[in-house]
Amino acid sequence: MATQIPVNELHDQRVHAPRRLWLEVLHGWVTTVDHKKIGLMYIGYALFFLVIAGFEALLMRVQLAIPNNHFVSPEVFNGLFTMHGTTMVFFVGMPILFGFGNYLIPLMIGARDMAFPRLNAFSFWISAFAGFLLYFSYIGGSGLYGASSAPDVGWFAYAPLTARVFSPGHSTDYWTLALLLSGIGSIGTALNIVATIICMRCPGMKMSRLPLLPWIYLVMSGLTFVAIGPLTAAQIMLMLDRYVGSHFFDTQAGGSAVLWMHFFWIFGHPEVYILVLPAFAFANEIIPVFSRKAIFGYPAMVAASVGIGFISLSVWAHHMFTVGLGPGGNTFFTLATMIISVPTGIKIFNWLATLWGGKIQFTASMMFAIGFLFQFLIAGLTGIMLSVAPFDWQLGSSYFVVAHFHYVLVGGILFMLFSAFYYWYPKMSGRMLSERLGKWHFWLFVIGFHLTFDLMHVPGLLGMPRRIYTYEADRGWMIWNVLISSGAIIQTVATLLFVYNMVWSYFKGPIAGPDPWDAWTLEWSTPSPPPSYNFAEIPTVASRRPLWDLKHPEDPDSDYEIEQGAPPEPKEEGA
Amino acid sequence: MLVLSITAAIFLIVAGILAYVLVRYRARPSDGQGEQEPPQIYGSNQIELSWTVIPILIVVMLFLATTRVIYTTEHAQRPANALDVTVVGHQFWWEYRYPQMGVVTANELHVPVSDHAHPLPTYLTMSSADTDHSFWVPRLAGKMDLIPNKVNMMWIDPQMKGLYLGQCAQYCGVQHAKMLIRVYADTPEEFATWVEHQRQPAVDDPAVAEGRDVFMHNACISCHTIRGTVATGRFGPDLTHVGGRETIASGSVPNTPPNLREFIDNPANFKPGALMPPMHLDSHDLDAVTAYLTTLK
């Protein structure tokens, strides 16, 4: 079976589309069930909240720049870190990754839409509603001791601080309901992704030929099923505690605070992998294209992703090393956490091997991907340090931990997201992003990132705990905090540059054409942006890189697939 | 140290490979415009096996080393002469009880210095009166959480005389940031003197009888204890020997009469979110109460 991709007529749709009233346009977006439009709405909505939560981070950094600062009150600060964490995880991370998945998966597997388009729209709108519900608490509810007007119990909302006796207003209720609703949306989209990947692949696309991006989204969606359940259950139990008088977490009446921690982290740690797996997925598509080589060790990459998925379900209590689990529990979760570094290490080595012997093109997208690789390496290594329970007795809940997880979330995931934007923006908009602005964005962001998050490890080592709105002058933490905060400002400037680049390029960027990167997966066979039906005729594929086969008929990938998983030919390393 | 050196070594090796690859294999203009694709390599079972097995061996080694530390710390042999202190976390201060000696104090923990020849560790039994807290004095030991309805144990063993600073490390509410810890490691003789002094009832100086009356006729007594008086509240810190402490407001300001006066007037001046309400005393009464509390050495 040979690869067949019927050619669509190529044209810039925006030029030919008739002018419509803005109301019609709006109506079109609100009622759409097209996976691409929903994907774009997910991304736009996430970017909106990214700006808000980023601004919250900036306010916190201003407050912490000098000791005993009075820029914001402790009540406001507690609200800021709670909202920053909750927003970034649930209303930036999840929707932006689901947005890319929504947009790309049907295109990459040669389908015309997701398996359940209406469920898709429902999931998006309920998640969007949850985000606005959370922020409505700034108007609607008071928090701890009736003090502030937003959730201020921390993003992991440890019991019993969430009990009504400590948090009498409604802000905790807004937090609970927002997470509950966004969880419903996440389950809906995850279900849709699984069904789409299992059932809608084009002819010839066996699971062994599935591009790695959908493969990893499959694992990520499976994790979502497992992880969201306990979170939703815990939120319902918390509501029962608060309003019906049950005592699951109500320690004043014999409930258990540790129970909440277990519930939260059995969701919370897989959640980290739900967020980071899509970053791996983007890297698996982008690094090969800009190295001009096939991904090294495809079966191992799939196996490592599935492995990470399974192991990540058994590491949650490494967030609880200081809770007093006893030596047995601490030992088990140390081991489980260390083991997860093995499949993660395999991925890093395979990416390096993909680069090895390639012809690396330093586009803005690739530069962000390399930044990801480097920073994720460091984040992984501090992760190994933190997997050692006695290390956490000292550094858990300190700024060392804050630095570590921002290394993962910003240095890893956000860098890879920027990379994905530079890579797929041409497909989504039909225009290229400015490479020159992109490189400015990259270098500024790298400088700001390292200034902030490298140095953030230090006050942690010097004994600075997280979640404090201010600190004493005699502890010697000030110089570090000044530098950290100045790095945050550089990152803000870089991000504004990126937003400007997106807007400017939408109107003025060079026309992209269907395949600006000379790439190999099916989405690049469609026009940019793709028509609503994606493919005029469903393609047929014969290998993992259908466009490679078409471009290199003398040496198609499909020739090497006779023996699954085996190296196609003997070769010398480094030759 | 073992962990640090292993991770540093891994970092240097992998980052070195990354740098080498980026320089060696970057696309050069002489290559032409991507006319010629590089050789396509799909994988290699031997190489992939090697970078699976080696990390597994490193993990096993790290794990065994870690397990030994966990067990030696958590199952340490407890000497018979060890001192017991019960630590109770409150929003936003620390209560310390010495059950062997009948001493109750707040925010400033005194323990004896221990040395290798004569170990004299202090065992802390920890719980919380309200929300989760965490006891963290970085130079003495790791942290341990204080969780309501749960009793945790840890031990400290200071080898040097002096003051050790720390603070609450688990978000516990509005004023989590100023829930500071001061641990004084005294010589055994100093410690014995301190204990003896703490066991005495409160000083009753007739010169400050007016301030004493103000204290005893206001809401102060429903939250604070001053042993030997009608003040038997348990919600706030024990003030029997508050005049002898170096700081007030759980370590956030020095214990001077002006600071004390300002704190009583409105605790939010130093600690916004503190649960003690502003006392609404007039200037005269404030002076009197401050004078009284200052005498409680």
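This dialogue walks through a few features of a predicted model.

Q: How are two packed helices described?
A: Two packed helices are described by the angle between their axes and by the distance between those axes. Take helix H7 (residues 212-243) of chain A and helix H8 (residues 257-291) of chain A. Their axes come within 8 Å and cross at roughly 165°.

Q: Are H7(A) and H8(A) roughly parallel or roughly antiparallel to each other?
A: Angles over 145 degrees count as roughly antiparallel. H7(A) and H8(A) are therefore roughly antiparallel to each other. The crossing of H7(A) past H8(A) is left-handed.

Q: Which classes of residue make up the contact of H7(A) with H8(A)?
A: The contact of H7(A) with H8(A) has 26 nonpolar residues, two polar and two charged.

Q: At what angle do helix H4 (residues 209-216) and helix H7 (residues 283-295) of chain B pack?
A: The angle is about 105°, and the axes of H4(B) and H7(B) are 7 Å apart. Angles from 65 to 115 degrees count as roughly perpendicular. H4(B) and H7(B) are therefore roughly perpendicular to each other.

Q: Which residues make the contact of H4(B) with H7(B)?
A: From H4(B) come B:Glu210, B:Gly211, B:Arg212, B:Val214 and B:Phe215. From H7(B) come B:Asp285, B:Ala288, B:Val289, B:Ala291 and B:Tyr292. By class, the residues of this contact are six nonpolar, one polar and three charged.

Q: How do strands make a sheet?
A: Strands of a sheet pair through backbone hydrogen bonds, either parallel or antiparallel. In chain B, three strands form an open sheet in the order S4-S10-S9, with mixed pairing.

Q: Which are the edge strands?
A: S4 and strand S9 (162-167) of chain B are the edge strands; each pairs on one side only. Neighbouring strands of this sheet are turned by 25° against each other on average, direction ignored.

Q: Which way does each pair run, parallel or antiparallel?
A: S4(B) and strand S10 (residues 180-186) of chain B run parallel, joined by five bridges. S9(B) and S10(B) run antiparallel, joined by six bridges. Look at B:Arg182 in S10(B). B:Arg182 is the bridge partner of B:Glu108. B:Arg182 is also the bridge partner of B:Leu165.

Q: Where do the side chains of a strand point?
A: In a regular strand the side chains alternate between the two faces of the sheet. Follow S4(B). B:Glu108, B:His110 and B:Pro112 point one way, while B:Leu109 and B:Val111 point the other way.

Q: Why is S4(B) largely enclosed by the rest of the structure?
A: A residue is buried if 20 or more other C-beta atoms lie within 10 Å of its own. Five of the five residues of S4(B) (residues 108-112) are buried, so S4(B) is largely enclosed by the rest of the structure. Helix H3 (residues 188-199) of chain B lies across S4 and S10 of chain B, at about 130° to S4(B).

Q: Is A:Val30 buried or exposed?
A: A:Val30 sits in helix H2 (residues 22-30) of chain A. The cut-off for exposed is 12 or fewer neighbours. A:Val30 has 11 C-beta neighbours inside 10 Å, so A:Val30 counts as exposed.

Q: How many residues of chain A are in contact with chain B?
A: 79 residues of chain A are in contact with 66 residues of chain B. Elements of chain A that give two or more residues to this side include helix H4 (74-108), H8 and helix H12 (364-387). By class, the side of chain A that touches chain B has 48 nonpolar, 23 polar and eight charged residues.

Terms used. Residues numbered from 1 in each chain as written. Chains lettered and ligands numbered in written order. Predicted model: local features only at pLDDT ≥ 70, side-chain atom pairs only at ≥ 80, totals over all residues. Axes fitted to C-alpha atoms, helices over the stretch in contact; angles between N-to-C directions. Helix = DSSP H or I, 4+ residues; strand = E, 2+ residues; numbered from the N terminus. Parallel < 35°, antiparallel > 145°, perpendicular 65-115°, else oblique. Left-handed = near helix turned anticlockwise from the far one by under 90°. Nonpolar A, V, L, I, M, F, W, Y, C, P; charged D, E, K, R; others polar. Contact = placed C-beta atoms within 7 Å. Pairing = 2+ DSSP bridges.
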